[in-house]
Amino acid sequence: MPEGLEAEIWRRAASVLVGRRITDVWCDPRISPFGLEEMLRGARIDGVDRIGKVVRVVTDRPALDGGVPGAGSSGGGALGLHFGMTGRLEIDGIAPIPRLEYASGADRPEWDRLRVSTQPSSMLDGNAVPALRMNDPRRLGRLSFDEPITVGPDALGLTARQLRLALDGRTARIKTLLLDQSVVAGLGNLCADEVLFTAGIAPHRRADELARSEVTALARACRHRLRSMLAAGGSTHGVLSPALRVGPGTCPRDGTPLARTTLGGRTAVWCPDHQS
């Protein structure tokens, strides 16, 4: 599943579209708001930003109801790209992430959910290609326009104070809370396991049982470990690699056999020795 790291890679790549004018749009009506194509045709792309796992293409179209939607948003009306479990993005015919680790790796035109053409037009090997193309075989992603997005502080810049406030009074398991986008934005299953591994915290611990020093270590892991993974290519580039996760694997830090626990319907992979 694409996480905030993948969304950030796509956001950075899509920044080349800023200043272009949208000439044509096709979107899958099954995952799009009514009238999206008409709203976007002729619009200028004024920015590309990210809120958690969502990439937003900000246009010069007025924001709906005259408001500016979503936490951390900017500019006018924005196309929201929600990737679901298997959505991915191409910009000017190039995929910044060639394939998702847990997807088939195939690329079929019938899986396209969005195609945006711009002026200047996009060319690849002398052929015109969409400036923006979203492909999603399972059709679990979706498109939005000016949808309010309410999330917690972003994981890549998370401070200890922000995390303490987000966890204050919470009694749920820490792994479950890290996956709640209203608590921390941008974390998915792989990154949540990775930052807990880095901070030495077991995923089944209750949030209200964490010491102040542990919360600080967890916030630090988000800021530093996630940025290292981002530079390496995304959420599958952690110490707890996909190969280790399928097992049987041992902890890269101390050699202890890794444990697997189901929390909130998601598999947590962790080291029972150094994570306590």
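A nonpolar core is a set of buried Ala, Val, Leu, Ile, Met, Phe, Trp, Tyr and Cys residues joined through side-chain atoms within 4.5 Å. In this predicted model, the largest such core has 61 residues.

**Nonpolar cores**
- Within the largest core, Leu 81, Leu 114 and Leu 226 touch the most other members.
- Helix H6 (residues 212-232) gives the most to this core, contributing nine residues.
- A second core of six residues is separate, and its members include Phe 197, Leu 240, Leu 258 and Val 269.
- Beyond its neighbours within four places in sequence, Leu 114 contacts several residues, among them Val 25, Trp 26, Leu 79, Leu 81 and Leu 143.

**Cavities**
- The whole structure holds two cavities of 30 Å³ or more.
- The largest cavity, of about 40 Å³, has a lining that includes Arg 50, Asp 154, Cys 191 and Leu 226.
- Its lining comprises six nonpolar, two polar and two charged residues.
- The second largest cavity has a volume of about 30 Å³, and strand E4 (residues 78-82) supplies the largest share of its lining, three residues.
- Three nonpolar, two polar and three charged residues make up the lining of the second largest cavity.

**Second largest pocket**
- The lining of the second largest pocket consists of eight nonpolar, five polar and two charged residues.

**Confidence**
- The average pLDDT of the chain is 93, and 94% of the residues score at least 70.
- Residues 66-73 have a pLDDT below 50, and this stretch makes 18 contacts in the model beyond near neighbours in sequence.

How values were computed. Residues are numbered from 1 along each chain as its sequence is written. This is a predicted model: local features need pLDDT of at least 70, side-chain atom pairs count only at pLDDT 80 or more; totals for chains, interfaces and linings use all residues. Side-chain values use heavy atoms; hydrogens and water are left out. pLDDT is the predictor's confidence in each residue, from 0 to 100. Contact means heavy atoms within 4.5 Å. Ala, Val, Leu, Ile, Met, Phe, Trp, Tyr, Cys and Pro count as nonpolar, Asp, Glu, Lys and Arg as charged, and the others, Gly among them, as polar. Buried means under 20% relative accessible area, exposed over 50%, partly exposed in between (1.4 Å probe, protein chains only). Helices (H or I, at least four residues) and strands (E, at least two) are DSSP runs, numbered from the N terminus. On a 1 Å grid over the protein atoms alone, a cavity is a set of points where a 1.4 Å probe fits but cannot get out, and a pocket is an open set with protein on both sides within 12 Å along at least five of seven lines; lining residues have an atom within 4 Å of a point. Grid points are joined across faces, edges and corners, and a volume is the space filled by probe spheres set on the points.
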